[in-house]
Amino acid sequence: MSAAVSSGGTPPGPPESRRIVLLRHAKADWPQVSDHERPLAERGRKDAPVAGRRLAETGIDFDLALCSTAVRTRETWKLAVHELPHRPKTVYEERLYEASLGDLLALLTETPDDVNDLLVIGHNPGMHALADALAGSTEGDALARMTSDGFPTSAFAVLSVTGPWKSVEHGVGKLLDYWTPHE
């Protein structure tokens, strides 16, 4: 008899599976403003709702969305979220703007454990680097497509990880899906 059962507890269940979706902002314009203040281009305003519809089709019921504070990411999220069945709690996180791979991993490890499905709306090269770093395994040709496409605007990757958020590190995830609006 295991210690958990003999001490009156129940045997531990399988480690909890969590999903992370990494969404790159939609196509941005290049007006004479700071990079942080760049708005979406016309194509971005068309692609963001398409990405939102595709996110809804995944069937993932997001518990939390972390969104960069940059104008283009906030606009992407505003257009995409209207396509989801319900709006998750949203945190606008300034550390997502110009985040390194290490910064992004640190943000994931800070995620509360009551969050099972997390959406991150950010920038390249970070979104691509994080998806690539987490993907220890993949389903089908998702990794090959992500590698060849280079994670264009409005693209997203769906990954699963097991265990608490604080244990998220290189290679612990499985890349389940990868989508771009112009496939």
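Visitor: Where is Glu98 found in this predicted model?
Guide: Look at the loop between strand E3 (89–93) and H4; Glu98 is there.

Visitor: And what makes Glu98 count as exposed?
Guide: Its relative accessibility is 64%, and exposed means over 50%, so Glu98 counts as exposed.

Visitor: What is the phi of Glu98?
Guide: Phi is positive there, about 60 degrees, although Glu98 is not a glycine. Phe151 is another residue other than glycine with a positive phi, near 60 degrees.

Visitor: Where is Phe151, then?
Guide: In the loop between helix H6 (142–149) and strand E6 (156–162).

Visitor: Is Phe151 buried or exposed, and how do you know?
Guide: Buried means under 20% relative accessible area. Phe151 has 0%, so it is buried.

Visitor: How many aromatic pairs does the structure hold?
Guide: Two. One of them is formed by Phe151 and Tyr178, 5.7 Å centre to centre and with 55 degrees between the planes.

Visitor: Why is the pair of Phe151 and Tyr178 called tilted?
Guide: Ring centres must lie within 6.5 Å to pair, and these are at 5.7 Å. Stacked needs planes under 30 degrees apart and edge-to-face needs over 60, with the rest counted as tilted; at 55 degrees, Phe151 and Tyr178 are a tilted pair.

Visitor: Which parts of the chain does that pair link?
Guide: Distant ones: Phe151 sits in the loop between H6 and E6 and Tyr178 in strand E7 (residues 173–179), 27 residues apart. Both Phe151 and Tyr178 are buried.

Visitor: On to the helices. What makes H4 and H5 roughly perpendicular?
Guide: The axes of H4 (residues 101–109) and H5 (residues 126–134) cross at roughly 65 degrees and come within 9 Å. The roughly perpendicular class runs from 65 to 115 degrees, so H4 and H5 fall in it. Their crossing is right-handed.

Visitor: Which residues meet where H4 and H5 touch?
Guide: From H4 come Leu101, Leu104, Leu105 and Leu108, and from H5 come Gly126, Met127, Ala129, Leu130, Ala133 and Leu134. By class, that contact has nine nonpolar residues, one polar and no charged ones.

Visitor: Which peptide bond is cis, and where is its proline?
Guide: The bond joining Asn124 and Pro125 is cis, with omega about 10 degrees. Pro125 is in the loop between strand E4 (117–122) and H5.

Terms used: Residues are numbered from 1 along each chain as its sequence is written. This is a predicted model: local features need pLDDT of at least 70, side-chain atom pairs count only at pLDDT 80 or more; totals for chains, interfaces and linings use all residues. Side-chain values use heavy atoms; hydrogens and water are left out. Axes are lines fitted to C-alpha atoms, for helices over the stretch in contact, and angles run from 0 to 180 degrees between N-to-C directions. Helices (H or I, at least four residues) and strands (E, at least two) are DSSP runs, numbered from the N terminus. Angles under 35 degrees count as roughly parallel, over 145 as roughly antiparallel, 65 to 115 as roughly perpendicular and the rest as oblique. A crossing is left-handed if the near helix is turned anticlockwise from the far one by less than a right angle, and right-handed if clockwise. Contact means heavy atoms within 4.5 Å. Ala, Val, Leu, Ile, Met, Phe, Trp, Tyr, Cys and Pro count as nonpolar, Asp, Glu, Lys and Arg as charged, and the others, Gly among them, as polar. Buried means under 20% relative accessible area, exposed over 50%, partly exposed in between (1.4 Å probe, protein chains only). Rings of Phe, Tyr and Trp (its six-membered ring) pair if their centres lie within 6.5 Å; planes under 30 degrees apart count as stacked, over 60 as edge-to-face and the rest as tilted.
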